[in-house]
Structures are given as structure tokens and as C-alpha cells.
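Here's a quick briefing to read with the model open beside you. Start by getting your bearings on the overall fold, then work through the topics in any order.

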Amino acid sequence: MALNGPSVFRWLIVARWICISFAFLGGYTSARWAGEVYGSASANLAAGLWAFSPWILGHGGLLTTDVPAASTGIAAAYLLWRGIANYDNSHSIAAGLLLGVALLTKFTMIVLVLILLLWISTVFFRECDFRRRLDCLKYIATASTAVSY
């Protein structure tokens, strides 16, 4: 701290603003996902629950990895859901990238990988278009591996 002097506090403020942006990302993603599935009333409820959660209020502005991990995990699951629902590889690639960011943010997000693999496997058994789903899985695995390394 003696070497950097007063610039330390400036960088601390910048880092805290970046952590706050992760809190906004999680709130926006959860509200958008709830709005697409259940309508605007549930989007408002999801945004309110996220914004007034004691966990988000307590950790949103801190330099910890809890809120960024939760936000990127929610965003990865949402984009995977969009990729599966719309047969869209671009959403699957973005989901893989965000899954890699979630894994880089907090290693306990490895549980999210298992949850998403179980989710994808249930979709495989329900849907007929196995080839298209396998392509999405390939893009997700490639993107998350590339970001993790």
C-alpha cells in the first residue's frame, strides 16, 4: 500500500463497482428468465426477490466471489435454456463461455456443471432431435473448456 499510495483506494472503488455490476447481471437475468416463462408479474417478483435478498445486499458490493459466481451461473443456465428451446448454437456458445467464467469465479460452481449435464440429459431423452442437441453440447463443452484454461 505504501508503494501505490492513494491510487489503491481508487482501484478499490473500481473493483467494487465491477462487483455491483455482477449483482445487476444476476437480477436482470433472473427477471428476464422468469418473465419469459411465467409473465411480467413473475419477472417483477424475481427482480424484487433478487434485489432485496439479504445475501445480495450483503455481498453485492464486497470483493468476494459469491455474487459473481451466482450471477454468471444463472446467466449460463438461462442461455443454455434459450439455446435448447430455440435450437440456437450462439446461445449455447454464450452459455459455455459464461459457464467457464462461473467456474473461474468460484470453483464450487463445478456443481453447476453436473446440474446442467443432468438437465441436458433429460432433454436428450425427451426430444427427438438428438443430433442438434449433441451439437449444442459440443459447443458448450468447447467454450467452457476454452474459458477455463
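Predicted model: local features only at pLDDT ≥ 70, side-chain atom pairs only at ≥ 80, totals over all residues.

Residues are numbered from 1 along each chain as its sequence is written, and side-chain values use heavy atoms, with hydrogens and water left out.

**Overall make-up**

- The chain has seven helices and zero strands, with helices taken as DSSP runs of H or I of at least four residues, strands as E runs of at least two, and both numbered from the N terminus.
- Going along the sequence, that reads α-α-α-α-α-α-α.
- Of the 149 residues, 38% count as buried; here buried means under 20% relative accessible area, exposed means over 50%, and partly exposed is in between (1.4 Å probe, protein chains only).
- Take the contacts (heavy atoms within 4.5 Å) between residues at least 6 apart in sequence: 64% of them join residues at least 24 apart.
- The accessible surface is about 9000 Å², and carbon and sulfur atoms account for 72% of it; areas come from the Shrake-Rupley method with a 1.4 Å probe, and for residues only the protein chains shown count as cover.

- Helix 2 covers residues 40-51, and its 12 residues should span 16 Å at 1.5 Å a residue, which agrees with the 16 Å between its end C-alpha atoms; the expected span is 1.5 Å times one less than the number of residues.
- Ser 42, Ala 43, Ala 46 and Trp 50 are the buried residues to look at in helix 2.
- They sit on the same side of helix 2 because they cover an arc of only 105° around the axis, judged by the directions from the helix axis to the C-beta atoms.
- Turn to the other side of helix 2 and you'll find Ser 40, Ala 41, Asn 44 and Leu 45 exposed.
- The cover over the buried residues of helix 2 includes helix 1 (7-38), helix 3 (54-59) and helix 4 (66-86).

- Just after helix 4, Tyr 87 takes a positive phi of about 50°.

- Ser 71, in helix 4, is buried at 0% relative accessible area.
- Leaving aside neighbours within four places in sequence, Ser 71 is in contact with Phe 22, Ala 23, Leu 25, Gly 26 and Trp 50.
- Thr 29, in helix 1, has a relative accessibility of 5%, so Thr 29 counts as buried.
- With neighbours within four places again set aside, Thr 29 is in contact with Ile 74, Ala 75 and Tyr 78.
- Thr 29 and Ala 75 are 46 residues apart along the chain, yet their C-alpha atoms are separated by 5.9 Å.

**Salt bridges**

- There are three salt bridges in the structure, each being a side-chain nitrogen of Lys or Arg within 4 Å of a carboxyl oxygen of Asp or Glu.
- Glu 36 pairs with Arg 32 (3.1 Å, N to O); the two are four residues apart in helix 1, so about one helical turn separates them.
- Glu 36 also forms a salt bridge with Arg 82, with the closest N and O atoms 3.1 Å apart.
- That pair links distant parts of the chain, with Glu 36 in helix 1 and Arg 82 in helix 4, 46 residues apart.
- Arg 82 is buried at 17% relative accessibility, whereas Glu 36 is partly exposed at 35% and Arg 32 is partly exposed at 37%.
- Asp 66 forms a salt bridge with Lys 106, the closest N and O atoms being 2.3 Å apart.
- This pair also links distant parts of the chain: Asp 66 is in helix 4 and Lys 106 is in the loop between helix 5 (89-105) and helix 6, 40 residues apart.
- Asp 66 is buried at 17% relative accessible area, while Lys 106 is partly exposed at 26%.
- Through shared partners, salt bridges join Arg 32, Glu 36 and Arg 82 into one network.

**A nonpolar patch**

- Phe 107, Ile 110, Val 111 and Ile 115 make a nonpolar surface patch of about 410 Å².
- Patch residues have over 30% relative accessible area and no salt bridge, with like charges joined within 9 Å and nonpolar side chains (Val, Leu, Ile, Met, Phe, Trp, Tyr) within 5 Å.
- Ile 110 is in helix 6 (residues 110-126) and counts as partly exposed at 38% relative accessibility.
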